[in-house]
Structure formats: structure tokens, C-alpha cells
Amino acid sequence: MATFLYKLGRLAFRRRIYVALVWVALLALSGVGAASAASAGSSFSIPGTEAQKAFDLIDERFPGSSVDGAVARVVFKAPDGQTMASPENKATVEEVVKALPAGSDQVGTVTDPYKANAISQDGSTAYVAVSYKVTTLELTDDTRTSLEDIGADARKSGLTVEIGGDALQAIPAAGATEIIGVAIAAVVLVITFGSLIAAGLPLVTALIGVGISVSVIASLAGAMDFDSTTSVLAMMIGLAVGIDYALFIVSRYRSELADGHEPQEAAGRAAGTAGSAVFFAGLTVVIALVGLAVVNIPMLTKMGLAAAGTVVVAVLVALTLVPAVLGFAGKRVLGKKARRKQERERAATVPGKPNMGTRWARFVLRRPAVVVLVGVVGLGVAAIPAAQLEMGLPDNGSQPTSTTQRKAYDILSDSFGPGFNGPLVVVVDVKGDDDAERAVGQVSDAVKGVKGVVAVTPATFNEAGDTAMITAVPKDRPSSVDTENLVHAVRDAGGEVASGTGVKVLVTGATALNTDFSQKMNDALLPYLAVVVGLAFLLLMLIFRSILVPLKAALGFLLSVVAALGAVVAVFQWGWLSDFFGIEQTGPVMSMVPIFMVGTVFGLAMDYEVFLVTRMREAYVHGEQPREAVETGFRHGARVVTAAAIIMMAVFAGFAGSGESMIKLIGFSLAVAVFFDAFVVRMAIVPAVLALLGTKAWWLPRWLDRLLPNVDVEGDQLRKTLDQRASTGPDSDPDWNKPMARV
């Protein structure tokens, strides 16, 4: 592996113009594809769940109902002392009812609140329900604008008019906070390298890689039915790993220059050593993200595949475009002062003048047992809130209070009850029953008798008369634990009625779908961990030729993830520091976050494990004692790994400032998890454990050593080959000693 990447790095360095042109052409082509691509869909399904089966039955038995279409609620609230029954207010509502279908041909049905009994008991509030023929992301800008304009015109009458539902749901976009994250990354790079050229190189190459990835995702969005947040999450992960991978290549290149190698040779050696670590680190991230397919939820699978594709692009950029750009920069990546004092910098790395990484390693090595104890106990304390983790999916109640969706949600909650925003839809299949009305009536009565149900609407039959829908309104808000329990209670009640008959009772609706989604996430977590951690364990065993090092890496990851979940619960569920983080509505943690965080953070955690421990392994195989190898690894890698972790945290924290609750939560959780894993586990617990294990850390049974292929991540075989060629002189292989091409 190291030899192949060495040759690839030299080739990219020599042919830098062609390599750069290829990547620029890919960026342009993907951009054109994104601009001409069809609009994305937004279908959401959870195969095998009761809620999904009910949705499919509705779609089959109620043709044209657009069960997955966008919806909107235009909510009207009369001024104090007035009611919605007054002629003036009634006229305003009726104008809206007429204007909505005329404003867009995507509108399916519009209900008149005065005919549908959609007025609160005190008469102060009414709402117009709008259903669309297409999904949320298929709504045109003209349709959204028409809806907003109709609401704005209605406000002129003096009524409070807000618009709820998902019709105005916008695709999350990058904002100022994300840009701040990139700016912090730039500052960290400048401080780390002391050179604007060296600092700018990882940023530019990472942005090119992310630009290509996001454009390809946009191009495929219509065909692949990507969720609206897929590109944002891919951008988040792509920026983080793209900058980090380029950082490691550039850092090793500078180190090779400092050792006296010519730029082309330095680029080859950097690609062969740090590039090998980049390849396998990226592979662990890809395994973790692709492994999300184990959950068997199409949306999550697509998110994982899209993010994994972004990581693949980031690895390819680091292994080809970065060496090519280094060819343009040459020795200028060292900076003017560094070039003038290259010999002095080389002398500064000897043991007599320890850097910060060396001093930290020596501190850890003096008291390894204490460091392990403090680290484990600290992470254990942070993990305590995770024991009370509650999961659900967000609704408009989690939107910022300044949005019209949140205002509409609050008005409906105050006027009709908290559960009105999350009704349950009971679907009764009476195809196998002779007396359909009697069977449906029994189900309706059973649902009415369930504690926590405050209202049940009359049943609506389809044209064939073999299926009916009943709407049940819960007492509590959709995201509460009581409502989740109510879903199960209603299902039990319907099941008792249907028992022994040909009737089938299914409960669905957004709230039931969220409940099933959360349950599926819980059920999939352990199998997912087993698959991902198992595959990554084998990969790390292949890299480090050890059993205990991969085991330590996996256990350390579990510690950091559980601690990060504890922080998420404390902030987003309990409300600690909620004002500081701009969290306006606390509640259950989004169901997909724990498993998505496990997948993403596991891959990123293994990045630091590979980058840091590979240096230690490299020193160990060259004859150093275990403690000396730990110190050597920190002397060469601690500064760069620290910078990489800070950059990754900055990028994720930038997304944590997003106004979109899902992006905010994922950004925060990833930033905290990287902090715990990089600074507590990898920089403290890992060296302490290696010191305690000594030579046992690198033990591998001989029979297993013979079975495992030697991938040469640390570049040992490459170094031996290069030393041999240096002693025997140039040979017939033109790729090893070919002079650098002029540009």
C-alpha cells in the first residue's frame, strides 16, 4: 500500500497540471449536472412498521388521497373581544379558501373551517387545512410564494394569520455560523503551519472535494430521492475529513522537506506514509456510514451512502490533488522564516528540545494509571444523563419561535389542545367483515375509551366501503412520552376488537410514524454496533498487527460516544445551557441522532487512532521501546492531531449554530463527541493504556500474523526499498528516480 501510494504521490506531483485540470473539470461538470438536475423528492418510509403498512393501505384504498403529499394549515386567530364567527372575519377566511386552489395547480384539497367544524370552542381560532398533490420538496417556489402571499393579504384584515404544516419547510442552507466554523479552521491551520500557503492548501482542496460531492448529490437527488438534509450532512462531514486528510498529508510533506528531501521525493513519501493512514482512516469512516444500511430505513441508508461518497472523494483528493498542489507550492509551504531556518527547525525535533507533544506524552507516561482512571471516571460522569435518553422526531414545536410554523403550532396547541398538532389516524380494514359499519363503530368506541384520547372524529369510508379512517386526538403534545405510550395503547385497544375477526386495525399518522421510527432505531443500534465495530476491528488489526490496540480503540470510542450522548441529553432534553446554544424547545432527542452519531463518530475516532498510533507503531517496528515509541508518536503527531480535532470541532460547531433543529443537534453532538474522543480518549487514555500494556500492546499470534496480509501502513517496507535503492543507485524503474517536470 505505502509503495503504491508513494508512486501515486510522485506521479501526481510531476503531472500536477493534468491532475489539477481533471479535478477542476470534475467540479465544473458536477456543477452543471446539479444546475440541470430535476427537483428532489422527499418520500419517507419505514418498511415493516405498522404505521407504514397503514400508509400503504390508505394509498391503495383511498386513491388520489396523496398520503405523502405536503400539507399546510392556515391558522386564523381573532383579536381580543372578537370571534371567527363575525361576518368580517368569516369573509376573510372564505376569501382564503377560494384563493388557495386558484393560486397553484399543485393544491389538492382545501377544507372550509365553517363546514369542517375546524373552529375552537371559544370561537377565537379557526384553521384551513390544505393538502397538496406533491411532496414537500416537489412544491414549486411559485406555490410557496402564493401560500405566503395569501397569508400576508389575510393579515391586512387585522386577524393573526400563521401558516403551519410542512409546505413552507425550507431546505437547510449554509449560513454565517457554518462560515465561522471554516474561518476558525483557517486560523488553526495558519497557527499550526505558520504559512498562509500551507494553511490555504487544505481549505482549497477540501472545498473542491465538497463542491464536487454536494453537486453530485444534488444531481442525483431527483433520481435517488435524497432527503433535504442529505447534502448539508454530506457537506458537514466532507469539510471536516477533507481538511483533516489534507492537513496530515501537508504536515508529513513539510516534515520530509525538513529531513532534507527534495519536494518531489517529499510528496511521494508523504503520500506513502501519511497517505496510507488517510486511506485506512477514510475506509473506517466509509464502513461506519455504509453500515447505516443495517437499520433498513431508506432515508438513513441514503444519508449514509451520500456521506460515505463524500468521504471517498475527500480521500481521493488528499491522495492526488494535494500532492499536485504541493507541486505548485514546492518549498513555499514552509514559509519564508521556515525555509531560512530549516536546519534549525530540524535540530529542534531532537530529544534535547522537546515540543509540547513530547512534554504531554512524558506527563502521561509518568502516571499512566492515574490518567486512565481520571479519563474513564470523567467520561463516566458525563455519560450519566444518557441513562435517561428519550428519543422522538421533531415537529413544528421544535422550530424557532420566530417562524410562522412555530407560531401556528402554538396557536393550535393553545386553542385546540397540545395533542391537536399530532393526531393519530386509525385505519380499519373491514374487507373480511360482513357488517363494516358495526365493526368500525366498535373500533371507534374502543379508541374513545383509551385514557389520553380527548376526541375521536366520525369514521370516513372509502368508495368501496371496505376501509375506514378514524382520527383520534391525544391529550399531550406529539413529542411527549405520554403520547408515545398512547400510540401503543390505541393499537392494543384496536387489536382486542379485531381479535378473532377478519378486521384489521392499523394506527398511523406522523406521531405513530415517529414512534415506530424511534423503536426501529432502538432495535437496530446493537446489531449496527456489532457489524461496524466488528469490521473496523478487523481493519485495525490488519493495520496495527495487534489485537489489544484495536480492542482499546473500540472501547475508548464507546466511552466517548456515551459521554457525548450524556451531553446531548443534558442540553437538548434537560435544557442545560439551552439559551446559550439557542435551543427554544427541549424534548426527546431526535431518533436518528444516536445511531447516526455512532456511525459518524466511530469513523472519525478511528481517524485519530490511525494517525496517532501509526506513528507509534512506526517507531516501535524500528526498534524503539514501547514507552519511547509513544513519546515519538506524540512528538511527531500530537500537534497535527490536535489541530485536526479543533478544525473538525469548529466545522461541526458551525453547523450547531444552524436554525434547523436537526442540523443543530447533529452538529452539536458530533462536535462534543470529537472533543471527548480526540482530547480525552486518543490524547490521554490511549497513550496511558499503551504504556501500561508495554510490548503486550503489539502482540499478535504468529498464526494470525501469517494469515493477515501486510498492508505496510507505517511505510516500513517502503523505507527499506528506498534505502536499498539509495545505496545501489538508480535502476531501470523510471518512476522512482525520474526528475521533476518543469511547470
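Biologist: Which residues in α10 do Gly275, Val278, Phe279, Gly282, Val285, Val286, Leu289 and Val290 in α9 meet?
Modeller: This is a predicted model. In it, the listed residues of α9 face a set of partners in α10. Those partners are Gly304, Leu305, Ala307, Ala308, Val311, Val312, Val315, Ala318 and Leu319.

Biologist: How are α9 and α10 oriented to each other?
Modeller: The axes of helix α9 (residues 263–290) and helix α10 (residues 298–329) come within 8 Å and cross at roughly 175°. Angles over 145 degrees count as roughly antiparallel. Therefore the relation of α9 to α10 is roughly antiparallel.

Biologist: How are α17 and α18 oriented to each other?
Modeller: Helix α17 (residues 481–498) and helix α18 (residues 510–544) have axes that come within 10 Å and cross at roughly 100°. The range from 65 to 115 degrees counts as roughly perpendicular. So α17 and α18 are roughly perpendicular.

Biologist: Which residues in α18 meet Thr483, Glu484, Val487, His488 and Arg491 in α17?
Modeller: Contact here means heavy atoms within 4.5 Å. The α18 residues that meet this α17 set are Thr511, Ala512, Thr515 and Asp516.

Biologist: Is tyrosine 18 buried or exposed?
Modeller: Tyrosine 18 lies in helix α2 and is part of the nonpolar patch. Its relative accessibility is 56%, and the cut-off for exposed is over 50%. Tyrosine 18 therefore counts as exposed.

Methods
Residues numbered from 1 in each chain as written. Predicted model: local features only at pLDDT ≥ 70, side-chain atom pairs only at ≥ 80, totals over all residues. Heavy atoms only, no water. Patch = residues over 30% accessible without salt bridge, like charges linked within 9 Å, V, L, I, M, F, W, Y side chains within 5 Å. Areas by Shrake-Rupley, 256 points an atom, 1.4 Å probe, with all protein chains shown as cover. Salt bridge = Lys/Arg side-chain N within 4 Å of Asp/Glu carboxyl O. Helix = DSSP H or I, 4+ residues; strand = E, 2+ residues; numbered from the N terminus. Buried < 20%, exposed > 50% of the residue type's maximum accessible area, 1.4 Å probe, protein only. Axes fitted to C-alpha atoms, helices over the stretch in contact; angles between N-to-C directions. Parallel < 35°, antiparallel > 145°, perpendicular 65-115°, else oblique.
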